[in-house]
Structure formats: structure tokens, C-alpha cells
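Me: I would like to learn how to read an interface, a helix pair and a sheet in a model. Could you take me through them one at a time?

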Amino acid sequence: MAHSYTPGLTVTESTVVRRRRLLPLPGKILVSGGDRVRSDQAVARAELPGKVYPLNLANQLSIAPDEIHDYLVKKEGDLVQKDEILAENKPLIKWFKTEVRSPIAGRIESLSKVTGQVLLREPPRILHLLAYIDGTVIETIPEQGVIIEATCSLVQGIFGIGGEVWGEIVLAVPSAGEPLLPAHLKSSMKGKIVVGGSFLSAETLVKAKEVGVAGLVVGGIHDKDLRALLGYDLGVAITGTEQVGFTLILTEGFGTIPMASKTFKLLSSHAGQKASISGATQIRAGVIRPEIIIPQTATSVSAAAQMQREGIRLGDPVRIIRDPLFGRIGEVSALPSDLTKIPTESEVRVLEVKFADGERAVIPRTNIEVIEG
Amino acid sequence: MTAVSSPPKIDRPLNVIVATDCGSTTTKAILIEKIGDNYRQTYRGEAPTTVEAPYDDVTRGVLNAIAEIEELSGRKILDGDTILTPSRDAKSGVDIYISTSSAGGGLQMMVTGVVQNMTGESAQRAALGAGAIVIDVLASNDGRLPHEKIERIRSMRPDMILMSGGTDGGAVTHVVEMAEYVAAADPRPRFGSTYMLPLVYAGNKEAQEQIKKILGMKTALKITDNIRPVLERENLAPARHKIHDLFLEHVMAQAPGYKNLIEMAGAPIMPTPAAVGLIMETIANREHLNLIGVDIGGATTDVFSVFEGTFNRTVSANLGMSYSISNVLAEAGLTNIMRWVPFTIDEQTLRNRIKNKMIRPTTIPQTLDELQIEHAIAREALRLALIHHRSLATALKGVQQERTISDVFEQQTSGKTLIDMMQLNLIVGSGGILSHAPRRIQSMLMLVDAYEPLGFTMLAVDSIFMMPHLGVLSTINEKAATDVFVRDCMIYLGTCMAPIGQGKNGELCANYELTFPDGKTVMDQLKFGDLRLYPLEDGQKAKLAVQPAKSVNLGSGAGVPVTREVQGGVVGLLLDGRSRPLQWPADQAERIAALTKWFDSVNLYPKA
């Protein structure tokens with residue numbers, strides 16, 4: 001039978017993750033296979049070509065494009081300083097002399113006799129690619145990057161903003177259902193990864209920026225507060241490059257939703273330890289979810305666990321991910337195979353979820369998420 | 001013409017065909033069998049697309065989807081990881097396997113031109129017609145400084161670039177300048193870092209040698225005929241063919257498992273939108289219709305139109321019902337969405353719900369109010385995508401027009417949109433929200449509300465989303481594609497009659513006399529604010545004689561009577577007296593009352 005799977009978010013005490021660290025363009029690898037690396041260590045380096053400045057010499061000297069070689073002081077490939085003369089005319093009367101000076105320090109990349117254009121390029125910028133997680137280099141890809149493996153605890157969030165940061169995990173609230181308030185954020189939390197409970201308000205976001213936390217992990221947020229934080233309405237969930245002062249990870253979704261107790265317990269048990277987090281989210285082909293990676297001290301490295309689910313089973317812990325019971329957590333108590341008509345009149349495959357209080361509800365299978373790990 | 005390079009010649013009879021469409025999230029397979037003299041779609045299977053880790057091989061999803069068909073049909077199609085071809089007997093094998101694909105985000109292109117609304121737009125039309133998503137249009141006069149253009153080219157990672165510019169024999173400077181920018185940016189392809197970016201040059205032929213010098217070593221350059229050889233004419237087909245060839249040779253070959261998929265398939269893999277475009281164009285040409293087709297997906301909405309034989313396609317890359325749902329809210333605004341919702345809901349709750357759908361795109365509405373909210377958002381996504389389409393489906397800009405004395409009073413600029421709702425004969429809807437709406441009237445009203453058709457317009461939906469499959473099938477066996485299209489794919493919803501005019505609710509819009517096929521006659525008045533539905537079965541025709549009110553126009557002029565034969569469908573005949581353009585009461589309670597009245601009058605939703 002064809003495989004069917006229900007995607008879920010991983011929350012696990014122990015797993016092995018592999019992260020591909022790739023340069024945007026070919027460069028030099030700085031580590032070797034088997035090396036232990038720290039999150040803030042450079043593992044590869046590349047030279048990003050400098051910015052290009054086109055300059056139309058023909059126009060500036062009022063000459064035909066194919067004549068520019070006669071007026072050039074510099075040639076293709078030459079280094080130039082800012083304000084250094086690139087080309088000049090040689091009039092009989094000195095007053096009519098025109099000089100074209102370089103707007104940048106760099107190199108003359110090309111000259112065109114068709115357009116009369118010279119392309120100047122700034123010196124390359126060095127880009128250091130950091131390891132992001134504490135782990136072991138298990139593979140180097142020549143000129144491109146490395147693969148780092150780490151035994152760790154892993155929590156996947158549902159949505160995040162901001163890039164890769166690392167720091168010590170600190171718990172700001174006593175329980176998963178408690179909202180994170182400005183008063184919970186202390187100056188000692190600077191540079192740390194702060195774990196909240198159910199919700200984060202606009203005021204707390206402002207305070208977090210003031211304090212200078214490295215990251216925030218909470219259950220939910222209101223869309224309007226996210227909009228205020230970003231300064232625009234997020235249309236498509238492709239994130240990771242935002243610069244709001246910290247990285248934000250939601251574990252449950254939008255609204256006030258208590259963090260799943262399994263997630264909260266796991267993060268609580270690692271308070272004081274270092275974690276690497278990334279807010280990068282891509283909800284499209286090639287799904288990327290935000291993550292919290294807490295490296296374990298064990299040095300033995302086993303093969304990476306491939307987490308593949310095939311179908312939902314009775315007793316699986318699940319989270320309901322659509323109204324009217326959005327955010328509730330229970331376990332699968334029945335898996336009827338026939339199509340069932342739901343209130344919208346659609347006929348869909350459903351399952352029955354039993355909640356902790358004994359209540360049961362029939363939910364479309366697409367509207368639940370297995371809590372994995 | 002859409003993008004089809006050279007359809008293969010198949011000399012054996014094709015009696016059993018399996019076709020797949022590898023979408024971004026789901027791979028859909030259908031089985032087509034020749035039953036008697038006609039082809040029919042018999043079974044359908046689907047499985048998650050497996051282009052990403054941990055599978056990294058698109059064929060896995062294809063085999064899974066086909067395995068589902070095997071299970072349902074009892075026909076043995078797979079032998080391990082191989083598709084059994086040709087068909088051996090009544091219970092095993094298929095005669096051909098074909099496929100379309102939009103997995104991995106489809107074909108993403110950057111196009112360049114010299115003048116933005118001339119060669120820039122022509123290049124955009126060429127790329128869109130070939131099934132691409134255009135991620136940027138660069139032109140000499142696009143207002144960006146040269147170094148900004150270079151930065152932009154460098155930062156985007158397209159699958160391919162199409163360069164155009166200049167008419168044949170015209171000045172070469174600008175197009176060469178653009179080539180210099182592209183060379184300086186040294187753009188890199190989206191997939192893989194080891195192969196060269198494919199680039200199609202379809203500009204001034206006088207500049208070809210210069211382009212070869214500048215870009216020949218830096219890109220996988222292909223040169224083809226100019227898409228705008230003279231200002232008055234576009235020549236998009238050669239560029240589209242090249243794009244399609246390069247899509248197969250370079251882009252697809254880089255995606256995980258596609259080499260195997262190409263080997264498995266008996267015909268070239270087509271980009272999904274190119275295949276849908278092809279089938280839309282085929283319908284329009286066969287029936288001599290002006291049509292608009294729309295495919296509203298999770299991430300994008302594609303609009304196709306054929307007016308007076310001219311085909312156009314646009315893709316609104318960030319208007320969709322799941323991945324891009326939040327962007328519909330951002331672009332349409334909350335007020336425009338709420339005007340379609342027949343109840344009140346606070347802004348914060350609605351915004352959170354939409355964002356939650358964005359981050360969990362596979363969920364479905366479980367309650368009636370959630371369904372109504374999704375239908376409201378779909379109306380806005382459809383409306384915005386059509387606005388986008390109108391702006392690009394235009395006559396050529398920059399063409400010199402001959403003016404006569406009569407034009408003194410009515411001057412039109414060049415580049416007028418080709419979309420004329422009064423001349424529109426058929427609207428075809430496709431995509432989950434339209435194909436899988438619990439009641440067909442819901443699909444019909446979503447299309448009517450979003451497009452506001454004028455006069456008499458037929459509406460149809462794709463039954464289970466098989467247009468891509470039929471598009472690629474039509475390149476190898478037109479009869480099979482036509483048979484299945486007519487019998488199993490197109491579901492005619494019915495006809496909408498909507499006069500142009502404004503009036504107060506309750507005022508006379510038109511008198512009408514409707515004669516059914518059995519001779520039964522209905523004479524009545526259509527008032528402003530009315531929405532009426534008459535059952536008229538698929539295949540049946542009725543005569544509708546309309547006498548519009550003095551200021552109301554039904555295509556022949558204000559107050560001029562019109563008599564037309566109207567076609568039925570699974571929904572029937574919809575008489576829409578809700579004014580054109582549509583009007584809503586400003587007051588919230590009145591707006592909700594009006595919506596409730598409209599929805600109830602056509603039995604749109606089950607009673608709560």
C-alpha cells in the first residue's frame with residue numbers, strides 16, 4: 001500500500017542531528033572530518049565578490065564607445081583607488097580637460113567597446129561560515145561546506161523568525177500555561193535563550209529587545225503583535241533573515257496556546273545548558289521548521305536516526321491544529337477507515353481523539369499533528 | 001501557443017495510460033482506459049511528493065501514487081520500481097506513462113528586456129506561457145540603478161534567465177549593456193552549484209555575437225529568435241520552446257530523482273502550468289470560445305485566458321489558499337475579506353486563524369464558519385489574480401496606432417487589456433477549493449463573485465484536478481485527452497446571466513421569460529439585489545428572453561432586449577441582479593443580511 005504519513009513536530013530527549021553547512025559559493029574548508037567543532041567556530045570561508053559599479057566612460061567623456069581605449073589611463077584588471085583617474089581626454093586647451101575618477105577602491109573588471117562602459121568591482125568580502133551547533137564534522141564537501149553531526153535533545157517549533165543564535169537556556173515562567181510577561185525578563189537574561197509559556201505580548205517583545213535576549217521560545221503570539229514587531233504583514237512563511245534583535249520560536253501557533261507539556265518539561269530539564277536555535281521557517285516544498293538543539297556531552301556518535309513515520313497509530317499523542325479545538329492535546333482513541341461527513345458536508349477520513357479529561361472528539365485526520373519523539 | 005517542444009511519435013496503440021502530476025506537496029496519478037471507442041478516466045491515486053529529504057527522489061511518490069491505483073483497480077502496473085509497459089493483457093501493464101511537474105517550487109525565471117512595458121513584458125509573457133514563475137523583470141528603464149540591478153541578479157537564484165530586448169536591426173547598446181550586468185552578477189542557479197545557469201537569449205539578432213562573447217562562457221547560453229522582431233509583433237513560440245527544452249535538460253535534471261522520472265516517462269515531462277495552459281487553449285480553439293481558466297492552488301493562482309485566439313497566462317506567485325493564505329489577507333485587506341463573511345468575527349481571531357492555516361497548510365475547515373471564511377478568502381485571491389492577469393494580458397504596448405477622426409472623442413492608449421467580460425463565454429475553475437467544494441453551487445458563486453461576469457457566461461470546474469495530465473496527454477493523443485476532458489474532467493456548473501447596471505435594492509433590473517426544454521415557461525421580474533437559481537440539467541438548453549430596465553445593459557445596449565439559449569449544468573441557471581459592479585450595504589448588519597439572503601436564495605450552505 002502507498003505510504004501515508006502525518007507530519008509532526010519532533011520533541012525528543014535524545015537524537016542525532018546532521019546539519020549541512022554550505023557556503024553560498026565555492027570557498028575553503030577550514031576543518032577536517034572527525035574534528036570537534038563549537039557553534040561559534042568558523043568551519044569554512046569564502047570570498048564574496050565585491051559590489052560592481054558600472055560607469056559609462058563614453059557618456060562622461062562625450063566620445064564614441066569604441067574610442068574609450070584611447071582615453072583610458074588604467075587597463076582591464078588594474079587595481080584602482082577611490083578618486084584615482086580612470087580615463088581623461090587630452091584637449092588642446094587645458095580648461096576643457098575632463099577626468100573620470102573611480103568612485104570606489106577596487107579593480108577594473110571589464111571594459112566594453114559596445115556600450116562604452118567600465119565595470120569596477122570592490123574588493124571581495126570574506127565570509128566565515130560558522131558551525132552553528134557543537135558537534136563533530138562527519139563529512140567535508142570540497143569547496144562547498146561540511147556536515148556536522150551532534151547527539152542532542154531536539155525541539156522543533158512550528159514557526160519562527162530570526163537567524164541562528166546560541167546561548168544558555170533559562171526558564172522565565174514556572175508553568176507551560178503561563179504567559180511570558182515583561183516582568184519575567186531580567187537583565188541577567190541578556191544573550192540567553194528565554195523559555196516562556198503560553199503567550200507573548202507586544203510589551204514583552206519590547207522588553208526582550210531592551211534586555212537583549214538571544215532567543216525567545218513560547219507557545220503562541222498574536223498575529224498583530226508579530227506584525228508590529230516586523231513592521232509588515234508576513235505574507236508567506238519563509239523566514240530566518242529577519243533582524244528584530246532576537247530569534248523567536250513559537251512551539252504551538254498563533255493565539256494564546258499553552259506550550260505542550262512535553263516540550264516545556266524537556267526545555268526545563270535543560271535549563272542552564274547551552275542550546276543552538278534557529279528561527280528559519282519555510283512552509284513550502286522543502287519544509288524547514290525552527291529548532292532548538294541542545295547538544296549532549298556524550299561524544300559517542302551513532303548513525304543519524306531517520307525519523308520516518310508511516311501512518312498514525314492508536315495511542316499516539318496528537319495535537320489538534322485547527323479550530324474549534326485548536327491547540328488541544330490528546331491521544332488517538334479510534335481510527336475509523338470509512339469516510340465521514342463533517343459539518344461542512346465534506347466527506348473525509350477522521351480519527352477520534354481522547355483528551356486527558358476523558359472527553360472525546362472526532363477530528364479530520366488532516367487536522368491533527370502527531371507529537372513525535 | 002504554449003510550451004511544447006516536439007511531441008514524440010508513438011506508433012503503438014494507446015489503450016491504457018497512466019499519468020501523474022508531481023505537485024509541490026502531492027503527486028496525483030490517474031488511469032485512463034479505452035472503453036469501447038472512447039477513453040475514460042477510471043481510477044485515481046495520490047501520495048505525498050517525495051522530492052525532499054528523507055526520500056530525495058520524486059519517483060518514490062510517483063510509484064506510491066501508482067500503487068494506490070493498482071490497489072483500487074486490480075491492474076498490475078508496477079514490477080518493483082518499474083512501470084510495466086506496454087500493456088500485456090486486460091489486467092497488467094500500461095501502454096504509456098506520462099507526467100507533469102511543479103515540484104520543487106516549479107520553474108522560477110528571471111527575465112530581462114530593454115523597455116519595461118515593451119520587450120520586458122513580452123519576455124514576461126513568453127516565460128509565463130512556458131509555465132514559469134517570473135521572479136523579477138529587469139529592464140533598462142525599470143528605475144533601478146545599474147549596481148542595484150546587478151545586486152538583484154546576483155541575489156536571486158533563478159532556474160533560468162530569459163533575455164530579450166530591441167527589435168531586429170535596431171540599436172544593440174541597451175541589450176548588450178544588460179548582458180554585461182548579467183555577466184558581472186555571475187548568477188547562480190537555484191539547484192546545485194556545479195552547473196551553469198541556463199540562459200535564453202531572444203532579443204535583437206544583431207546583438208547575438210556580442211551576447212555570445214559576454215555570456216557564452218558564464219552561462220549555458222541558448223540563442224533563439226527575437227520575441228519582438230518588430231514592435232508590432234510578438235513571436236513568443238521559439239523562446240517558449242527553448243525554455244521548455246532547457247527546463248528538461250538542466251533544471252529538472254538537477255532535481256532529485258528527475259533523471260529517473262524522465263526515463264520512466266514515455267513523453268517529455270511538462271511544467272504543470274504549461275500543460276494546463278495547453279488544455280485551456282485547446283478547449284477555446286475547439287469550441288471557438290473566449291475563456292478564462294483559473295487554477296487556485298495552495299501557494300499560487302494561475303490564470304489563463306484565450307480571447308479572440310490570443311492565449312495568455314499569468315501566475316500570481318503568492319496568492320493561494322494555504323501556503324500563501326496570509327498573503328491574500330495582506331494584499332486584499334481585512335475589509336475586503338470580511339465583506340464575504342456572513343457573520344461577525346473579531347479581527348484578532350480571524351488574523352490568528354489565517355496565520356495558523358499558513359503554518360499548517362494541510363488542515364481543512366471542520367466547521368461551517370471556517371468553510372465560509374476560506375470561501376471568502378478564495379473570492380479575494382481569485383479577484384486579485386484576475387486583476388493581475390488583466391494587467392498583463394494586453395495588446396502590445398508601444399505599437400503605433402492609426403487614429404481617425406472618430407478617435408478624437410475616444411482615444412485609447414496602446415496596450416489595452418484583452419480581457420472583456422462581456423465577450424467572455426466560459427470560466428473554468430480548478431484547484432482544491434473549487435474542485436472539492438462540498439456543494440458545486442459554492443464553486444459557482446465563488447467564481448461569479450470574484451470575476452463578476454457580465455452578460456451570459458458559462459461556468460465549469462475541473463472535477464478532480466486532472467487538467468495537467470490531460471494537457472500532456474494531448475501532445476501525444478489528442479483524442480484520448482478530448483474524450484476524458486469532455487466526459488470526466490469538465491463539470492459544467494451552468495450559466496450565469498448578469499446585467500450591467502446599478503439600482504437600489506428592490507428596483508426593477510429586468511423582466512425575463514425562461515422557457516425550459518419541456519416547454520414549461522417562467523415569467524418573472526429580476527430586481528436589484530436578487531440572486532435566483534433555476535435548476536437546468538447538464539446537457540439541457542433553455543431559452544431566456546430578457547427585457548432589461550431602461551438603464552440596464554445586457555450587451556446590446558441600455559434597455560435593449562436580449563434573447564439567448566442558455567446551457568445547463570450540475571447547478572443550473574443563475575440570474576444575478578446584484579448590480580455590476582457588485583454593491584454591498586455599508587452597514588455591517590445590513591451587509592450580513594444581504595449576504596445571508598443571497599446565500600440562502602441559492603442554498604449555498606447547510607442550515608446551521
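Reply: Let us begin with the interface, bearing in mind that this is a predicted model. The size of an interface is often given as the accessible area lost when the parts come together. Here we can count residues instead: 57 residues of chain B are in contact with 50 residues of chain A.

Me: Which elements give two or more residues to the side of chain B that touches chain A?

Reply: They are the strand β3 (38-48) together with α1 (58-73), α3 (146-155), α4 (173-185), α9 (325-332), α11 (347-359) and α12 (368-392) of chain B. The largest share of that side, eight residues, is supplied by α11(B). Sorted by class, the side of chain B that touches chain A holds 24 nonpolar, 20 polar and 13 charged residues.

Me: How should I describe the packing of α12(B) and α14(B)?

Reply: Two packed helices are described by the angle between their axes and the distance between the axes. In this case α12(B) and helix α14 (residues 440-451) of chain B pack at an angle of about 45 degrees, and their axes are 8 Å apart. The two helices α12(B) and α14(B) are therefore oblique to each other, and their crossing is right-handed.

Me: Which residues make that contact?

Reply: From α12(B) come B:H375, B:A378, B:R379, B:L382, B:R383 and B:L386, while α14(B) brings B:Q442, B:M446, B:L447, B:D449, B:A450 and B:Y451. By class, the contact of α12(B) with α14(B) has seven nonpolar, two polar and three charged residues.

Me: What is the strand order of the open sheet of eight strands in chain B?

Reply: Strands of a sheet pair through backbone hydrogen bonds, either parallel or antiparallel. The open sheet in chain B has the order β15-β14-β13-β16-β17-β18-β24-β21, with mixed pairing. At its edges stand β15 (310-316) and β21 (531-534) of chain B, each with a single partner strand, so one side of each is left without a neighbour in the sheet. On average, and with direction ignored, neighbouring strands of this sheet are turned by 20 degrees against each other.

Me: How many bridges join β21(B) to β24 of chain B?

Reply: Four bridges join β21(B) to strand β24 (residues 572-576) of chain B, and the two run antiparallel. As one example, B:L531 has B:D576 in β24(B) as its bridge partner. The helix α14(B) also packs on the sheet, where it touches β16 (426-430), β17 (455-462), β18 (490-498) and β24 of chain B, and its direction makes about 45 degrees with that of β18(B).

Technical notes. Residues are numbered from 1 along each chain as its sequence is written. Chains are lettered from A and ligands numbered from 1 in the order in which they are written. This is a predicted model: local features need pLDDT of at least 70, side-chain atom pairs count only at pLDDT 80 or more; totals for chains, interfaces and linings use all residues. Two residues are in contact if their C-beta atoms, placed from the backbone, lie within 7 Å. Ala, Val, Leu, Ile, Met, Phe, Trp, Tyr, Cys and Pro count as nonpolar, Asp, Glu, Lys and Arg as charged, and the others, Gly among them, as polar. Axes are lines fitted to C-alpha atoms, for helices over the stretch in contact, and angles run from 0 to 180 degrees between N-to-C directions. Angles under 35 degrees count as roughly parallel, over 145 as roughly antiparallel, 65 to 115 as roughly perpendicular and the rest as oblique. A crossing is left-handed if the near helix is turned anticlockwise from the far one by less than a right angle, and right-handed if clockwise. Two strands pair if DSSP finds at least two bridges between them.
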